[in-house]
Amino acid sequence: MDFALTEEQIAIYDMALAFGQEHIAPFARQWEAEGTIPRDLWPKLAELGFGGLYVSEQNNGTGLTRLDATLVFEALSQACPSVASFLSIHNMCAAMLDRFGSDEVKARHLAPAVTMDKVLSYCLTEPGAGSDAAALKTRAEKTNEGYRLTGTKAFISGGGYSDAYVVMCRTGGEGPRGISTVVVEHGRPGLSYGGLEDKMGWRAQPTRQVQFDDCLTPLENLVGQEGDGFKYAMIGLDGGRLNISACSLGGAQAALDRTLAYMGERQAFGKTIDQFQALQFRLADMEIELQAARTYLRQAAWKLDHKTPDATRFCAMAKKFVTEAGSRVADQCLQLHGGYGYLADYGIEKIVRDLRVHQILEGTNEIMRLITVRALLAERG
């Protein structure tokens, strides 16, 4: 098995890293304080092909592999995990439209999403249906005029900010087979938003409830077939779990890089603190953990690219392992900074806060364990 990145993959990573350090990192604290990301950032990312990372070239996307995409998110999240994660959500939506949308859906919604003239949000979670996503209650009644939606989505990144929402809603009976996917554009009558959520991390991303009160969206905005929406959502989450893992990896790597620099300057008892063996061992442990996480993530991405039968399980396992490893490393980096790590000026506390939610979204890590053990038991027969 060849673990080396190709020259093209190295170039993709370097391009994303350079963009993030120039256009995102210097402003990350400001955007967090303002609670929003400037809209003019997205077309700049789209110019690099990052608006449709794994949208097919036939639909003007970049056509990258899932492994390639993890390199982009790992690199961008070294500048700001919150911004990189929001881009991941947009790309997850775009991939769903590319794979399952009609020609009309692709023309109306996918084409401007690839150029990021239209930013997309993913609407699955509800106040009473988190991990039990198939229990969602938002209903879409089919009429001659279109689908009329009633219900509420919770914890939506880009709520009130995005241009369109890819919504999982109930068009049939109970359970996953009664769920469909429709696109609802910002500004539709009956579409409204809750108040801005005051979050621990990801504060640059505006997060709100998205509310539908007899909200009408055209019949042509149905994605794929009625009743297949839950399947589309779960397929999208495999890649989303890889991306969010990559964001944890990149954030933790940035924290470790800053810690190495800090420890080479900070002195105690007459020498820099990177000369104390006990602290050197902690640095070594963090490097080992991040390298293990990186290898595990890329193996899972390879499996998803090659559509292996165990790809979903490996995406789940990687998500659980990598997001927890990233948080542990970031927390240790804060500890090694001492009191300075607790200060915003050093950038470590923001990484700790941003990475914590990665163990919750795209399926909690408890659900990742459930997916894993179900596969094990099924293999046992």
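## A walk from a loop to an enclosed helix

Start by selecting E362, which sits in the loop between α10 (348-356) and α11 (365-380); helices here are DSSP runs of H or I with at least four residues, strands are E runs of at least two, and both are numbered from the N terminus. You're looking at a predicted model, where local features need pLDDT of at least 70, side-chain atom pairs count only at pLDDT 80 or more, and totals for chains, interfaces and linings use all residues. Residues are numbered from 1 along each chain as its sequence is written, and side-chain values use heavy atoms, leaving out hydrogens and water.

Check the backbone of E362: phi is positive, about 60 degrees, although this residue is not a glycine. Is E362 buried or exposed? It counts as buried, at 11% relative accessibility (buried is under 20% relative accessible area, exposed over 50%, partly exposed in between, with a 1.4 Å probe and protein chains only).

Next, pick F155 in strand β3. F155 also isn't a glycine, yet has a positive phi of about 60 degrees. This one is exposed, with a relative accessible area of 62%.

While you're there, show β2 (residues 139-142) alongside β3 (residues 147-157): the two run antiparallel and are joined by four bridges (strands pair if DSSP finds at least two bridges between them). R139 has T150 in β3 as its bridge partner. Four residues lie between the strands of this hairpin, and G146 takes a positive phi near 150 degrees.

Now for the helix: select α4, residues 66-76. 11 of its 11 residues are buried, so α4 is largely enclosed by the rest of the structure. What do its buried residues pack against? The list is α1 (7-23), α3 (41-47), α5 (81-100), α7 (229-263) and α8 (277-305), with contact meaning heavy atoms within 4.5 Å.

To see the contact, display R66, F73 and L76 of α4 with A84, L87, S88, N91 and A95 of α5.
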